[in-house]
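The tour goes one selection at a time.

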Amino acid sequence: MAAELEELLGFLSAPSPPVKKAAVDIVQGLTGSEDGLQSLARYADVAIPSLSRLLGESKEVSEPAAEALVNLSQNSDLAAKMVEMRMIEAAMEMLYKQGSDISRLLVMLLVNLTQLDAGIDSLLQSGDEKMHGLHVMKLVRSFCTSSNEKKGDPFEHVGSILVNISKKEAGRKILLDPKRGLLKQIIRQFDSASLLRKKGVSGTIRNCCFEAESQLQNLLLVSEFLWPALLLPVAGNKVYSEQDTSKMPLEIGSVLLIDREVVDDPDIRVQALEAIYMLTLQEAGRRAFWSVNGPRILQVGYEGEANPKVMEAYEQVGSLLIQSSDTEQISDQT
């Protein structure tokens with residue numbers, strides 16, 4: 001079997017297109033099973049570069065090659081080897097090569113590789129001061145301009161990449177840099193009909209709010225987009241009174257005055273509430289939250305909530321607001 005596998009991998013570089021096509025299809029099939037993955041893992045030093053070289057060929061060869069790499073990258077050891085072999089740079093170069101037919105698969109490959117710290121550092125171009133953050137800016141631009149494409153949505157998985165990189169402080173700093181303006185662009189994608197995009201945006205916002213203590217000002221710079229993305233998912237399905245909405249910005253109040261689709265996904269609601277919690281840990285964040293009548297929205301949303309995990313997240317924010325209010329009243333009296 002070992003000799004056969006070596007021979008098969010050799011055929012990936014065959015000059016004959018039909019032979020190469022047959023070989024890559026067999027390799028792609030092997031990556032679909034655990035036994036196949038383990039067998040290929042022993043020849044990773046040959047398999048990964050050979051498959052990578054095929055990404056620039058015609059779709060009938062590049063597509064199964066990309067699918068095989070995506071499957072292989074689900075194994076963390078193989079993903080680490082790919083990062084070492086500069087697969088992120090290769091994927092980014094191919095992604096922005098004119099006429100690429102495998103954009104969606106390349107983005108999925110980047111999702112898997114950025115689950116590793118080394119993969120995040122590679123995508124952020126941490127070692128190159130001049131290029132630092134350029135890959136991220138390109139991906140955000142694609143994420144924010146591709147959603148209306150008629151032939152699918154090849155960049156919707158970028159949301160998952162943004163969640164991955166925002167788990168690290170270096171990634172959050174790039175996304176929160178007001179000169180780059182990336183967070184504003186990302187948040188606006190929360191209006192997308194794609195649940196995958198919504199989850200990517202909400203997870204990214206939530207991770208960025210870990211910087212609330214030092215970067216609150218930069219977060220609040222995009223408050224006209226931030227508060228709707230955080231509050232509308234947790235506002236429940238009730239139509240609000242004009243008295244309530246008159247104390248809210250138009251972009252929130254106008255939506256809550258009418259019947260609307262609610263965000264069914266509990267993970268998004270939990271992430272929104274965790275982000276609100278981190279923002280309201282800061283005094284200026286609490287003032288901003290009160291200024292949009294946020295506590296009333298949480299009160300109404302909590303009354304209609306049935307999911308225990310989401311209810312717990314509401315209660316965490318509610319306890320903080322009550323505790324902070326009591327503390328502030330005491331300090332006012334002294």
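Which exposed residues does the face of H6 turned away from its buried side carry? Bear in mind while looking that this is a predicted model. Select helix H6, residues 76–84, and colour Asp77 and Glu84: these are the exposed residues on that face.

Next, select Leu78, Ala79, Met82 and Val83, the buried residues of H6. Turn the view to look down the axis of H6: the buried residues fall within an arc of 145°, so they line one face of the helix. An α-helix has 3.6 residues a turn, so residues three or four places apart point the same way.

Now show what packs against these buried residues. Their partners are helices H3 (34–41), H4 (44–53), H5 (59–72), H7 (87–95), H8 (103–113) and H9 (117–124).

Just after H6, select Arg86, where phi is positive, about 65°.

Last stop: the largest pocket, with about 560 Å³ of space. Its lining has 23 residues, and Phe190, Asp191, Lys198, Leu232 and Val263 are the closest to its centre. Then select helices H14 (195–208), H16 (223–231) and H18 (250–256), the elements that each give two or more residues to the lining. H16 provides the largest share, four residues. Coloured by class, the lining shows 12 nonpolar, two polar and nine charged residues.

Note on methods: Residues numbered from 1 in each chain as written. Predicted model: local features only at pLDDT ≥ 70, side-chain atom pairs only at ≥ 80, totals over all residues. Heavy atoms only, no water. 1 Å grid on protein atoms, 1.4 Å probe; cavity = no way out; pocket = protein on both sides within 12 Å on 5 of 7 lines; lining within 4 Å. Points joined across faces, edges and corners; volume = space filled by probe spheres on them. Nonpolar A, V, L, I, M, F, W, Y, C, P; charged D, E, K, R; others polar. Buried < 20%, exposed > 50% of the residue type's maximum accessible area, 1.4 Å probe, protein only. Arc of directions from axis to C-beta. Contact = heavy atoms within 4.5 Å.
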